[in-house]
Amino acid sequence: MAYQKLQVSVALRVIPSDYINIPNPSEVNASGQTTDLGAGVSNLIDTNATFTDGSIQVGNIVYDTRNSVVAKVSSITSDTVLALEDGNGIAVNLGAGADYVIYKDTNKACVLYVGVSGDLTVNMANDGNQVTLTTVRQDFHPIQGNRVLVSSTTAYDIIALW
């Protein structure tokens with residue numbers, strides 16, 4: 001039997017989404033904590049941020065690590081306000097006190113570790129096809145995926161590894 005050795009150096013807890021890729025944690029653009037609910041239902045507001053400095057782009061991926069919410073930047077409204085959506089045009093609001101990290105959308109592929117067994121549906125990195133692995137066990141899964149779909153995945157505590 002062949003011996004498989006996985007050597008990884010970067011990891012990220014996956015927040016599954018049907019529309020947004022798993023971000024590459026080596027490509028962080030900004031991080032902080034939201035400071036206000038503000039007006040509207042699709043905002044990330046951080047009065048300590050400077051989102052217009054050129055580091056944030058429309059399409060960047062936002063992880064709310066406190067509430068396990070993932071979104072994309074749909075527009076840069078001001079120095080301190082970003083409009084967010086779920087990747088399918090639905091507005092996303094990060095309330096006050098949300099811990100956020102903003103990443104570039106540059107993940108081409110990652111290996112997955114599943115912490116709790118269940119079905120795992122992944123977008124394959126090379127061709128974008130969706131593959132469902134049924135009843136995967138707690139283990140490393142050396143497939144090259146770039147998205148875990150929330151609508152058909154029952155496994156959880158998933159970690160992306162590079």
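This short talk walks through the strands of one predicted model and a few residues within them.

Some ground rules. Residues are numbered from 1 along each chain as its sequence is written, and side-chain values use heavy atoms, leaving out hydrogens and water. As the model is predicted, local features need pLDDT of at least 70 and side-chain atom pairs count only at pLDDT 80 or more, while totals for chains, interfaces and linings use all residues.

I will start with the open sheet. Six strands make it up, in the order E1-E12-E8-E11-E9-E10, with antiparallel pairing. The E labels are strands, meaning DSSP runs of at least two residues, numbered from the N terminus. Two strands count as paired if DSSP finds at least two bridges between them. At the edges stand E1, residues 11-13, and E10; each has a single partner strand, so one side of each has no neighbour in the sheet. From one strand to the next, the twist averages 35°; the axes behind that angle are lines fitted to C-alpha atoms, and angles run from 0 to 180 degrees between N-to-C directions.

Inside this order, E8 (residues 110-116) and E11 (residues 139-148) are joined by four bridges in the antiparallel sense. Tyr 113 has Phe 140 in E11 as its bridge partner. As background, strands of a sheet pair through backbone hydrogen bonds, either parallel or antiparallel.

Gln 130 belongs to E10, which covers residues 130-136. Is Gln 130 buried or exposed? Gln 130 counts as exposed because its relative accessibility is 54%; the cut-offs are under 20% relative accessible area for buried, over 50% for exposed and partly exposed in between, with a 1.4 Å probe and protein chains only. Leaving aside residues up to four places away in sequence, Gln 130 touches Thr 121, Val 122, Asn 123 and Leu 149, where contact means heavy atoms within 4.5 Å. Gln 130 and Leu 149 are 19 residues apart in sequence, and their C-alpha atoms are 8.7 Å apart.

Asn 123, one of those contacts, lies in E9, residues 118-124. Asn 123 counts as buried because its relative accessibility is 7%.

Next, strand E4, residues 61-64. Which residues point which way from E4? Ile 61 and Tyr 63 point one way, Val 62 and Asp 64 the other, and all are buried. In general, side chains in a regular strand alternate between the two faces of the sheet.

E4 pairs antiparallel with E5, residues 69-76, through four bridges, and Tyr 63 has Val 70 in E5 as its bridge partner. E4 is also joined antiparallel to E7, residues 99-103, by four bridges; there, Ile 61 stands opposite Tyr 103.

E4 and E5 form a hairpin with four residues between them. Ser 68 sits in that loop, and its phi is near 55°, a positive value in a residue other than glycine. For context, most residues other than glycine have a negative phi. Ser 68 counts as partly exposed because its relative accessibility is 37%.

Asp 157 also has a positive phi, near 55°. Asp 157 is found in strand E12, residues 156-161, and is partly exposed, with a relative accessible area of 48%.
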